[in-house]
Amino acid sequence: MVNSSRMSQTDELLVNARSYESGHRDVELGPHPVRKVAVLACMDTRLNPYSLLGLTEGEAHMIRNAGGVVTDDAIRSLAISQNVLGTEEVILIQHTDCGLLGTTDTELADRVEAASGSRPDWPFHAFTDLERSVREGVGRIESSPFLPRRGSVRGFVFEVQSGRLREVA
Ligand code: ZN
């Protein structure tokens, strides 16, 4: 620990990591997801795709960003997932009460600029209609020329209050 009189959250989490290591089974998992599934989901703390879908290590790719938006970078990860590591299905999950819902790119850029002093020149992909955002995301995946497996691309809204996963696309 460097120049710190108290533990940071990261330091505390590193204690958890040591505990994880001591309990880690030496399982022979390769990098190819055994369920051949890639999940793209919002980074929200209330959405835990592993618990929600009953996934564990070795089973699926987990791609997360603010909003669970199908950005170029999400396509980049999905392209690796499908073309290099053999996944065949995509599960897209956005959720109620999302920080990107009901705001605008301009408002978010204003906030970032006010706090950091720098105005981003990239889009935030804010949205106003949750279901439409999921449907558009599914459409973006299905129309990507870089993704050969487009037969099972399904989109969902996770309701953070009820814990329900609702299929919308
Ligand atoms: Zn969110």
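Tutor: Helices here are DSSP runs of H or I with at least four residues, numbered from the N terminus. The model is a predicted one.

Student: In which helix is the place of Q82?

Tutor: The helix in question covers residues 72-83, and Q82 falls within that run. Under the numbering from the N terminus, the name of this element is helix α3.

Student: Is Q82 buried or exposed?

Tutor: A residue is called buried when its relative accessible area is under 20%, and exposed when that value is over 50%. Because the relative accessibility of Q82 is 6%, Q82 counts as buried.

Student: The backbone nitrogen of which residue lies 2.9 Å from a polar atom of the side chain of Q82?

Tutor: Leaving aside residues up to four places away in sequence, Q82 touches T87, V90, L147, P148 and R149. One of these contacts includes a polar approach, in which a polar atom of the Q82 side chain lies 2.9 Å from the backbone nitrogen of R149.

Student: With which residue does R119 form a salt bridge whose closest N and O atoms are 2.7 Å apart?

Tutor: Side chains of opposite charge can pair when their charged atoms come close. R119 meets the side chain of D110 in a salt bridge at 2.8 Å, N to O, while the salt bridge with a separation of 2.7 Å joins R119 to E113.

Student: Does E159, whose side chain meets R166 in a salt bridge, count as buried or exposed?

Tutor: The salt bridge between E159 and R166 has an N to O distance of 2.7 Å. Because its relative accessibility is 17%, E159 counts as buried.

Conventions: Residues are numbered from 1 along each chain as its sequence is written. This is a predicted model: local features need pLDDT of at least 70, side-chain atom pairs count only at pLDDT 80 or more; totals for chains, interfaces and linings use all residues. Side-chain values use heavy atoms; hydrogens and water are left out. Helices (H or I, at least four residues) and strands (E, at least two) are DSSP runs, numbered from the N terminus. Buried means under 20% relative accessible area, exposed over 50%, partly exposed in between (1.4 Å probe, protein chains only). A polar contact is a pair of N or O atoms within 3.5 Å; within protein, one must be able to donate a hydrogen and the other to accept it, and residues adjacent in sequence count only if both atoms are side-chain atoms. Contact means heavy atoms within 4.5 Å. A salt bridge is a side-chain nitrogen of Lys or Arg within 4 Å of a carboxyl oxygen of Asp or Glu.
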